[in-house]
Amino acid sequence: MDKKKLLPKLSIQSVTELKGVGPAVADKLAHLGIDSVQDLLFHLPLRYEDRTRRTALGSLRSGQEALVAGQIQASGVRPGRRRSLATVIGDGTGSVTMRQFHFKRAQQENLIRGQWVQCFGQVRIGSAGFELVHPEYQLLPSADGVNVAPTLTPVYPTTQGLGQKTWRHLTRQALEHCLDDVVELLPADLTGLEGLPGLQAALMLVHRPDPDVDAAALAAGTHPAQVRLVFEELLAHQLAVVQRRMEREQSRAPVIDAPQNLWPRLEALLGFSLTHAQSRVVEEVLSTLAKPRSSLRLIQGDVGCGKTVIAAAAALAAVEAGYQAVIMAPTELLAEQHLNNFERWLRHVDVPLAWLTGRLTAAERRVACHRLATGEAMVGVGTHALFQNDVTYHDLGLVIIDEQHRFGVHQRLALRDKRRVDGEVPHQLVMTATPIPRSLTMALYADMDISLIDEMPPGRQTIETVVVPNLRRAEVQARVHKACVAGRRVYWVCALIEESDVLAAEAATDRARMLREALPALRVGLVHGRSPVSEKETVMRKFRNGEIDLLVATTVIEVGVDVPEASLIVIENAERMGLAQLHQLRGRVGRSAERAACVLMYQPPLSRMAHERLSTLRKTTDGFSIAEKDLALRGPGELFGTRQSGLPQYRLANIGRHQLLLPAVQQAAADVQARFPDQVAPMMRRWLPCASALSGV
Ligand code: ADP
Ligand code: MG
């Protein structure tokens with residue numbers, strides 16, 4: 001019987017129509033956003049295994065994944081540190097040992113001398129030559145019964161409890177029954193699609209590549225079939241971003257007219273004049289605030305370029321127009337620093353401020369909330385406590401978010417929703433020190449207006465950067481000692497690969513103890529993610545005031561900390577960190593006219609990649625070229641740090657790898673929007689996880 005006739009439009013039917021999908025599996029699939037049979041076709045493999053040909057045992061290479069077959073020569077339990085079942089298999093050209101650390105008696109009984117067997121697994125070098133540890137294996141009736149796969153075997157991204165066999169079984173059914181129903185949403189003449197296969201052919205190839213496929217291209221994500229799908233995926237995301245912008249601009253926002261009084265008064269009192277870039281960006285910001293449309297502007301500028309004062313200009317404009325402004329920072333430390341600046345600045349112009357973080361006592365919090373709700377305080381400074389449910393504002397006109405990539409979209413929206421007067425929303429200003437390459441900016445932030453501060457305040461010295469192996473720790477300590485004795489302040493950063501606060505805190509604590517012993521003349525302070533807040537504040541204050549010479553820290557100081565007197569930073573385990581992160585950390589020094597230096601310590605031997613990272617950093621101090629390099633070397637996740645939450649989740653696309661497609665994607669998005677507006681919604685539905693379908697940003 002023809003299954004297609006039996007189940008018409010299988011593509012839009014629930015996955016529960018497929019064999020092997022009961023409520024439990026359906027539930028797991030639903031968590032991955034897979035509801036219909038067609039959704040399965042857009043769940044794409046991460047990589048492939050090649051079981052299409054048998055590899056002779058004599059030609060195995062270490063690290064390779066291989067399908068091998070042979071006759072068992074010997075099998076037995078080996079005692080040792082870890083007991084294992086070792087089975088030696090030979091095929092006349094060589095031999096390999098299959099090793100199982102967990103095995104059942106029945107298995108042991110089947111693996112007997114003379115039995116034919118095939119295995120698939122990764123080859124590694126063991127104590128007695130090549131080994132396959134826990135390979136998939138199958139007993140064979142004879143020498144010529146070897147089962148080779150007709151296509152490369154896809155490996156799918158998965159979740160606990162869904163094995164690769166299940167995925168293969170499900171995608172096979174989906175390919176059989178609904179590939180023909182998958183609708184081509186893109187016009188064939190779309191620029192960018194030239195020479196690429198059609199959608200159905202691309203899906204077929206990506207799910208089940210032929211044995212003679214260009215495996216290198218497939219592994220690199222550059223096979224035309226993959227490019228076809230990546231193009232469509234990027235296009236769907238681009239359409240979503242454009243749509244978000246259109247939706248946002250439909251909301252009204254309060255008109256904040258160009259200020260005559262407060263900001264000019266503060267500017268005169270700053271003690272420095274703005275750089276050209278700062279003045280230009282202030283203009284850009286004020287001009288968007290003066291419009292009645294809901295705005296979202298990103299201020300991008302390398303560490304130390306002076307973004308905070310722009311935030312002050314914007315906040316004062318709002319206050320002068322009669323609206324409140326809030327400034328939110330991602331960490332307690334950074335929020336405090338803003339508090340210091342804003343308290344000082346706002347006092348000059350008599351604007352009352354409220355301080356709100358999660359660390360206030362109940363009574364303090366009540367007072368702060370009351371002052372924000374009544375409008376007694378016109379500016380709020382703090383952390384995400386500012387947007388909690390019970391915090392209300394008298395009349396919020398402007399939301400400023402520092403280091404915005406540390407926050408999720410939801411948090412930004414929660415703050416925006418604090419004003420709903422006649423359907424109006426506050427303006428939003430977000431700031432980031434992560435230099436984002438242009439190609440990425442266009443893809444990720446097309447829904448924002450962008451201001452770039454591409455100039456440093458005058459008199460900044462370039463930071464001398466040296467790369468030193470751990471062996472020379474004594475020399476580094478001597479340098480630290482000398483700097484502190486000369487009255488400078490020094491950071492010493494300990495970092496681990498793992499994002500474990502506990503381990504990082506331990507490492508920093510140990511290091512502080514060691515440095516206190518080695519350098520008894522210095523006053524050594526310690527901060528890490530697990531220090532009690534009051535202690536963190538005290539230590540930071542002392543470091544700022546010069547009561548501490550040497551501050552040992554984890555990467556908690558990575559973002560935003562501004563102590564201009566610090567002129568030397570030592571970073572341990574630099575080889576484990578990404579370029580962008582190192583650049584951020586290095587930006588903690590060189591914030592005054594004094595000569596500054598950064599010492600990057602590493603544990604040899606350096607991998608080629610780590611070597612390249614460290615030498616890039618030594619050679620350049622320009623955040624943008626560092627970002628371009630980092631994007632190319634490690635991809636966008638690394639650029640923003642792993643905790644970053646605002647990056648889109650792509651199924652197949654990799655912005656670093658596929659950035660060359662972005663200009664064509666943008667053009668195609670405009671084209672589709674203009675000529676085929678009806679295709680936009682289905683495209684987005686097809687590719688975007690529910691979270692990105694989030695509207696009204
Ligand atoms: P970031 O952009 O990294 O947030 P900040 O706003 O913290 O930078 O500014 C870094 C330092 O530079 C601060 O001490 C600030 O007062 C100072 N600064 C900002 N603008 C200027 C300027 N135009 N001239 C001199 N110093 C400035
Ligand atoms: Mg800052």
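This is a predicted model: local features need pLDDT of at least 70, side-chain atom pairs count only at pLDDT 80 or more; totals for chains, interfaces and linings use all residues.
I started with the shell around ligand 1: five nonpolar, six polar and four charged residues. My classes: Ala, Val, Leu, Ile, Met, Phe, Trp, Tyr, Cys and Pro are nonpolar, Asp, Glu, Lys and Arg charged, and the others, Gly among them, polar.

Residues are numbered from 1 along each chain as its sequence is written, chains are lettered from A and ligands numbered from 1 in the order written, and side-chain values use heavy atoms, without hydrogens and water.

Next I looked up polar contacts (N or O atom pairs within 3.5 Å). One oxygen atom of ligand 1 is 2.6 Å from a polar backbone atom of Gly-304. For Thr-308, a polar side-chain atom is 2.6 Å from a ligand 1 oxygen. I then checked cover: ligand 1 alone exposes 570 Å², and the protein buries 84% of that (Shrake-Rupley areas, 1.4 Å probe).

Then I turned to the sheet. I found an open one of six strands, ordered 16-21-20-17-19-18 with parallel pairing. Strands are DSSP E runs of at least two residues, and two of them pair if DSSP finds at least two bridges between them. Strand 16 (464-469) and strand 18 (524-527) are at the edges with a single partner strand each, so one side of each has no neighbour in the sheet.

Inside the sheet, I saw five bridges joining strand 17 (489-493) to strand 20 (566-571). Trp-492 stands opposite Val-570 in strand 20.

Terms used:
A polar contact is a pair of N or O atoms within 3.5 Å; within protein, one must be able to donate a hydrogen and the other to accept it, and residues adjacent in sequence count only if both atoms are side-chain atoms. Helices (H or I, at least four residues) and strands (E, at least two) are DSSP runs, numbered from the N terminus.
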